[in-house]
Amino acid sequence: MNEVLSTKNGASASFSTEEILIDLSSIGSFENILFELTNIIEESNLRGKNVKINFGDLSLTQNMVSSLQSVLKGFDINIKMIFSNTIETKIAAMEVGLTVSGEKPEAKQQTVLSDSLTETQKDEDKLVDAMNNVLAGSHEIVKENTLFIKQNLRSGQKLEHDGNIVIIGDCKAGSEIIATGDITIWGILGGIAHAGSKGDYNAKIRAFRINAIQLRIADLLARKPDAIEMEKMDKHNLFTPEEAKITDGEIVIYTEY
Amino acid sequence: MSGRVIVVTSGKGGVGKTTSTANIGTALAKNGAKVVMIDTDIGLRNLDLLMGLENRIVYTLIDVIEEKCKLQQALVKDKKNPNLALLAAAQTRDKSAASPEQMVEICKQLKEEFDFVMVDCPAGIEQGFQNAIAGATEAIIITTPEMSAVRDADRIIGLLESKEDILNYKLVLNRVRPKMIQSNDMLGVTDVTDILSVKLLGVIPEDENIIISTNRGEPIVNMENTKAGTAYMNIARRIMGEEIEIPDFETPPPTFIDKVKNFFLATASS
Amino acid sequence: MKLLDKKLADKINDMISEIVTTCNKILSTDTKVEANNTSFNSKDDACNRLKLVLMHDRSQLSPGQMQQMRDELVEVISRYVEIDRDALDLCLEAESNTIALVANIPILRHK
């Protein structure tokens, strides 16, 4: 049962049996967000609850997300997860420790995505193309909806995305990346990577060096062997990119030339 | 007959809670008991690392609480001992992800299947601590013979005393250096137990092998002939009801002259 | 001031024992702390400092405990003498190496 309440100027809260979704996507600016949020909290009696928030196309900085978190904490509200169409907001939320979902939020019927791509995302897709030409591999990369991030992921950070994920940087042990498509890391993969999370057995995981704690593709799982001593990851070494994919029902790592 | 839920706590960080949980748990399992260890340090988990199981964590305590998986799916079996299992904490969340009520429920379910549920408590006295003690009926307080650790242990004992469900609690004094105790440069065993007014469960001497065991991801009780390993094994046996005397770390060992004197005294009186 | 008769004096003694038991129950520590000032080596320093620090730490009752102690004391004392409940003043005072529970109890009349 989906119950939707909304304020005059665009914030709305919807309640399904298990979760509460606050939809802020029609709000134009950050200043309005704080105002509308307070309204919706009072009107919908959200104190003390766990909520998910949809930011839509809003572009937020880390400070903005932190401020929102503090405001909500004042109402004893816990943010379980956020949805966003912009990379800046996703990164900002991740840096603050929030779980970023790649799925489309329940309350809104959202059509996609090539239309709502921001300018930055289009430029970055061109870069993705260029990178793919450099990497060996004969598979096609779905260009739509690729999340492109330029930073290291550290222990405790989790990134989920509906589509492909490209990371320029390392993913340290203790971090988690979940994509419905491929995962491409221009650095060392040390954490957990889950590609094809919705069941795509053709999804692939690539990195300069795969030193992952666990690799997951669709519903298969492979873990790092205990006894083998991996050579020290020296960043000044010349790297040969590696790719993990499913062959004969198992996850196998290939070294590209 | 349901199992015993024991929380391993200290207040102060870095005094050996996780190491003790790993080793006491492993030692109990080596003695034949069915043991599960729970890491409640959500966001900063370490018990998996000490047990060498860090690559095998698929589901965590939080996944169980949020019903993303069944409790059984989240239990990771030990590499060597099938009687031993680990319920790991989540790394990508924080301590607000669990509540004391949820912990009580999980401990309740686990004690039906296991003889011992060892709960590794995080440092501090906030939510993490409250979560860890929620389902426990016994407590082991870990401290080292240093002022800050003893002061924090006192606070923890005060908090445990005011919790009715914890029926008994005992102290483990960790990282003692017998030579420093004998030269009066370190608080001794009786000093600490007197100051804290608490029963002693065991004393663990400082042992470099602990570092080696952590590097390898292998609890020290699995290594042969180590001082700390033996001490942990004795603690496990005491928990299971055996009476084992705690060695005296305070009187210096007899010197050669002492031994000669004693020999003559003994022969003189016969 | 009238002199108290023996019967009343006995009653007051009983009252005081009950008060002491009640306080002990809540303070629940029997540390016979005597700070030993002749320290010689670092361990004795540590012991002395710890004992003092813990005495201070333990005497910080939580507000809940303080209120509970106050209520129980009022109840005990009221069985013997009639007191001005609202004017009851209770606090812990710490000096160099002792801590005392100081209570100021205005008595209206004895029962």
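**Reading strands, packing and contacts**

Strand β1 (residues 4–9) of chain B pairs with strand β5 (residues 116–120) of chain B in the parallel sense, over five bridges.

Me: What should I know about the model and its numbering?

Reply: This is a predicted model, in which local features need pLDDT of at least 70 and side-chain atom pairs count only at pLDDT 80 or more, while totals for chains, interfaces and linings use all residues. Residues are numbered from 1 along each chain as its sequence is written, and chains are lettered from A and ligands numbered from 1 in the order in which they are written.

Me: How are strands and their pairing defined, and which residue stands opposite R4(B)?

Reply: Strands of a sheet pair through backbone hydrogen bonds, either parallel or antiparallel. Strands (E, at least two residues) and helices (H or I, at least four) are DSSP runs, numbered from the N terminus; two strands pair if DSSP finds at least two bridges between them. R4(B) stands opposite F116(B) in β5(B).

Me: In what order do the eight strands of the open sheet in chain B lie?

Reply: The order is β3-β4-β2-β5-β1-β6-β7-β8, with mixed pairing. At the edges are β3 (75–77) and β8 (199–205) of chain B, each pairing on one side only. Neighbouring strands are turned by 25° against each other on average, direction ignored. Axes here are lines fitted to C-alpha atoms, for helices over the stretch in contact, and angles run from 0 to 180 degrees between N-to-C directions.

Me: At what angle to β1(B) does helix α6 of chain B run?

Reply: Helix α6 (residues 127–134) of chain B runs at about 155° to β1(B) and lies across β1 and β5 of chain B.

Me: Which residues touch the most other members of the largest nonpolar core?

Reply: A nonpolar core is a set of buried Ala, Val, Leu, Ile, Met, Phe, Trp, Tyr and Cys residues joined through C-beta atoms within 7 Å. A residue is buried if 20 or more other C-beta atoms lie within 10 Å of its own, exposed if 12 or fewer, and partly exposed in between, with C-beta atoms placed from the backbone. In this core of 88 residues they are I6(B), L61(B), V117(B), V119(B) and Y232(B). Helix α11 (residues 227–239) of chain B gives the most, with seven residues.

Me: How many residues of chain B are in contact with chain C?

Reply: Contact means that the C-beta atoms of two residues, placed from the backbone, lie within 7 Å. Twelve residues of chain B are in contact with twelve residues of chain C. On the chain B side, α7(B) supplies the largest share, six residues.
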